[in-house]
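Have the structure open as you read.

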Amino acid sequence: MTKPPLTIHLAAPRGFCAGVDRAIKIVEMALAKWGAPVYVRHEIVHNKFVVDDLRAKGAVFVEELDDCPLDRPVIFSAHGVPKSVPAEAARRNMVYVDATCPLVSKVHIEAARHHENGLQMIMIGHAGHPETIGTMGQLPEGEVLLVETVEDVAKVAVRDPARLAFVTQTTLSVDDTADIVAALQARFPAIVGPHKEDICYATTNRQEAVKAMALMADAMLVVGAPNSSNSKRLVEVGARAGCRYAQLVQRASDIDWRALEGIGSLGITAGASAPEVLVNEVIDAFRERFEVTVKPVMTAEENVEFKVPRVLREAAQSA
Ligand code: 0CH
Ligand code: SF4
């Protein structure tokens, strides 16, 4: 039986960003340096496949420092941690490595600087997300006000409208955040902040690629996990850009084939924490049912790389 033709528009950039790459490398290098088990506080990145793979190599994933023994190294996830976490690890004399993405750490530093200058902080982010908890946790409890939506901006109660600053989560929707920033600036004209927001290059580039792809495809799949903020934003961006069917899939087994019946073109992308093997698995699943032609949709080139902490670099060099 002949298979129906299908054009797959493959977004680029997609998948791993420099911060994810570095965080995974940190766990692998820590295992090489100290042997198993190495503890990791929170999923190193929000992807079950990545976590399962590292677990098989000897990483133990926990949610709190209290769940770690004192005599094994602990790694903090790419999303960042409140200041109290490394402070407590140091107090307990634990060996720890911080895998917080340098672009998240940059936001931590910004928040601390504004606070030192006597400004009250507003964070644009998602309540309960580890990055939001980590960034808000750079300052004393109650010092950072959280806004999630334009509606929240109207409700936020500040100490002094003339002495305010804002920071954002790095993985937000670029368009939604622009609206929230505009609402903040309209209500508090003196508010200071970054040039636009703190959304990172990887988030921005993946959303741009999706916008370009959404116009070409009958349907779109985003490879990523349900707890991955940046992956979920890609689904929203695709739907908002006009794609009729935009769906998050963790891997090929999640594909809803009935929903995709009769399509002639499909967009595929992957969140910053989704490995390329899963993208290939999804494409291969389509090859079984369709005569597939893959066409890249490239909207930016990325060549960002972050160094791993010195303690692990030195160990790798001497190995
Ligand atoms: O998108 P989120 O922040 O949920 O995290 P992820 O899916 O693990 O992707 C990596 C980003 C880490 C921090 O910016
Ligand atoms: Fe860093 Fe951006 Fe990747 Fe987050 S999504 S780990 S901020 S590069």
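## The largest pocket

In this predicted model, the largest pocket is lined by Ile133, Met136, Gly137, Leu139, Pro140, Glu141, Gly142, Glu143 and Val144. Sort that lining by class and you get five nonpolar, two polar and two charged residues. The pocket's volume comes to about 180 Å³.

## The second largest pocket

Next up is a pocket with about 160 Å³ of space. Its lining includes Arg41, His42, Glu63 and Glu64, along with Gly128, His129, Pro130 and Ile133. By class, the second largest pocket has four nonpolar, five polar and three charged residues in its lining.

Where does the second largest pocket lie relative to domain 2 and domain 3? Both domain 2 (18-101) and domain 3 (103-187) supply lining residues, so the pocket lies between them.

## Where ligand 1 sits

Now for the ligand: the space that ligand 1 takes up is the largest cavity. There are 15 residues around ligand 1, and His46, Ser228, Ser229, Asn230 and Ser273 come nearest.

His46 has a polar backbone atom 2.6 Å from an oxygen atom of ligand 1. On its own, ligand 1 would expose 370 Å², and the protein buries 96% of that.

Terms used:
Residues are numbered from 1 along each chain as its sequence is written. Chains are lettered from A and ligands numbered from 1 in the order in which they are written. This is a predicted model: local features need pLDDT of at least 70, side-chain atom pairs count only at pLDDT 80 or more; totals for chains, interfaces and linings use all residues. Side-chain values use heavy atoms; hydrogens and water are left out. A residue is near a molecule or strand if one of its heavy atoms lies within 4 Å of it. A polar contact is a pair of N or O atoms within 3.5 Å; within protein, one must be able to donate a hydrogen and the other to accept it, and residues adjacent in sequence count only if both atoms are side-chain atoms. Accessible areas come from the Shrake-Rupley method with a 1.4 Å probe; for residues, only the protein chains shown count as cover. On a 1 Å grid over the protein atoms alone, a cavity is a set of points where a 1.4 Å probe fits but cannot get out, and a pocket is an open set with protein on both sides within 12 Å along at least five of seven lines; lining residues have an atom within 4 Å of a point. A molecule sits in a cavity or pocket if more than half of its atoms lie within 2 Å of its grid points. Grid points are joined across faces, edges and corners, and a volume is the space filled by probe spheres set on the points. Ala, Val, Leu, Ile, Met, Phe, Trp, Tyr, Cys and Pro count as nonpolar, Asp, Glu, Lys and Arg as charged, and the others, Gly among them, as polar. Domain bounds come from an automatic or database domain assignment.
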